[in-house]
Amino acid sequence: MPPPSLAAPRDPAAAAARRRSSKEEHAAAKVHPAPGEKGAMGATAGAGAWRRPEWCSAAGAAGVLRRHPLPALFASGLLLFMAVEYTIPMVSPAAPPLDLGFAATQGMHDAVAARPWLNSLLAALNTVFVAMQAGYILWAILAEQRPRAAVAALMMFTCRGVLGCATQLPLPEEFLGSGMDFPVGNVSFFLFFSGHVAGAVIAAADMRREGRLALARLYDALNLLQVVRLLACRGHYTIDLAVGVGAGVLFDTLAGWYFDAKSGDGKNAPEKHCRSCQCHKALLSH
């Protein structure tokens with residue numbers, strides 16, 4: 001004999017009602033879980049449900065150090081330089097600025113100061129390197145129709161001019177000027193920040209995008225020698241050179257964002273930055 005549930009005639013309306021009732025009960029169970037049950041919100045709902053983050057334990061901290069050593073290093077640097085900043089003696093207004101880069105290159109400064117011909121030779125070589133930077137950037141936009149490096153340089157030098165006018169730092173007392181240095185002719189110039197260094201960073205970044213890795217490494221090495229020479233001749237403070245590196249990276253990135261927005265009409269920008277910048281060629285025709 002079949003069970004009553006199979007023998008009874010099927011009622012569609014009653015079946016639909018049972019399904020609706022079952023769904024409502026299931027939804028109510030999610031919103032109001034039974035005591036002792038751990039739902040999706042059970043860990044945070046209710047008083048006393050907060051749990052200590054895993055990284056607060058000794059094992060968790062060790063895991064963070066193992067997986068993320070760079071942020072941990074910067075966290076240590078924050079603590080270190082907070083202690084240094086709040087205890088370091090301030091430089092008096094009558095004293096010259098304290099620059100560790102000057103201290104590190106004091107021997108080279110004395111050698112160059114004693115040999116004016118060497119100062120002029122180094123200045124001339126540095127000017128040649130600046131011309132190499134400008135030549136490469138002009139070649140990229142005129143011959144290869146890739147304007148990103150040129151736009152980055154325009155952004156950088158404009159910002160440098162604004163900041164140079166906003167804060168004019170005193171010329172270092174031991175500055176070794178030369179008529180062969182760029183800008184040629186012993187004219188005035190902005191100390192903050194170094195356009196020599198920033199321009200080299202922009203050119204080298206463009207070379208890496210184009211796969212010219214050997215040329216980029218050459219420019220990086222010449223840029224490093226340029227930094228040493230500028231410190232030894234007191235042409236820039238250390239902070240000018242360090243910010244010059246950051247400015248080169250910053251404005252190269254901003255120029256890339258600009259062209260990505262233009263190529264996507266500001267709304268449908270490409271999801272990935274093109275590595276060869278070939279898509280920027282078409283923008284020159286508009």
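Predicted model: local features only at pLDDT ≥ 70, side-chain atom pairs only at ≥ 80, totals over all residues.
**Annotated spans**

The UniProt record, an unreviewed entry, lists four stretches under "transmembrane region": residues 70–88, 121–142, 149–169 and 189–207. Residues 121–142 are 100% helix and 0% strand. Their end C-alpha atoms lie 31 Å apart. Residues 149–169 are 86% helix, again with 0% strand. Here the end C-alpha atoms lie 28 Å apart.

| Helix pair | Axes come within | Crossing angle |
|---|---|---|
| Helix 7 and helix 9 | 10 Å | roughly 45 degrees |
| Helix 8 and helix 11 (residues 238–263) | 8 Å | roughly 125 degrees |

The axes of helix 7 and helix 9 cross at roughly 45 degrees. Helix 7 is therefore oblique to helix 9. Their crossing is left-handed.

Helix 8 and helix 11 cross at roughly 125 degrees. Helix 8 is therefore oblique to helix 11. The crossing of helix 8 past helix 11 is right-handed.

**The largest pocket**

The largest pocket holds about 580 Å³ of space. Its lining counts 27 residues. Nearest the pocket centre are Val-130, Phe-157, Phe-182, Pro-183 and His-196. Sorted by class, the lining has 15 nonpolar residues, 10 polar residues and two charged residues.

Two loops deserve a look at the backbone. In the loop between helix 7 and helix 8 sits Gln-145. Gln-145 is not a glycine, yet its phi is positive, at about 60 degrees.

The loop between helix 8 and helix 9 contains Phe-193. A cis peptide bond links Phe-193 to Phe-192. Its omega is about -5 degrees.

**In brief**

The loop from helix 7 to helix 8 carries Gln-145, and the loop from helix 8 to helix 9 carries Phe-193.

Terms used: Residues numbered from 1 in each chain as written. Heavy atoms only, no water. 1 Å grid on protein atoms, 1.4 Å probe; cavity = no way out; pocket = protein on both sides within 12 Å on 5 of 7 lines; lining within 4 Å. Points joined across faces, edges and corners; volume = space filled by probe spheres on them. Nonpolar A, V, L, I, M, F, W, Y, C, P; charged D, E, K, R; others polar. UniProt positions renumbered as here; feature names shortened; annotations may be inferred. Helix = DSSP H or I, 4+ residues; strand = E, 2+ residues; numbered from the N terminus. Axes fitted to C-alpha atoms, helices over the stretch in contact; angles between N-to-C directions. Parallel < 35°, antiparallel > 145°, perpendicular 65-115°, else oblique. Left-handed = near helix turned anticlockwise from the far one by under 90°.
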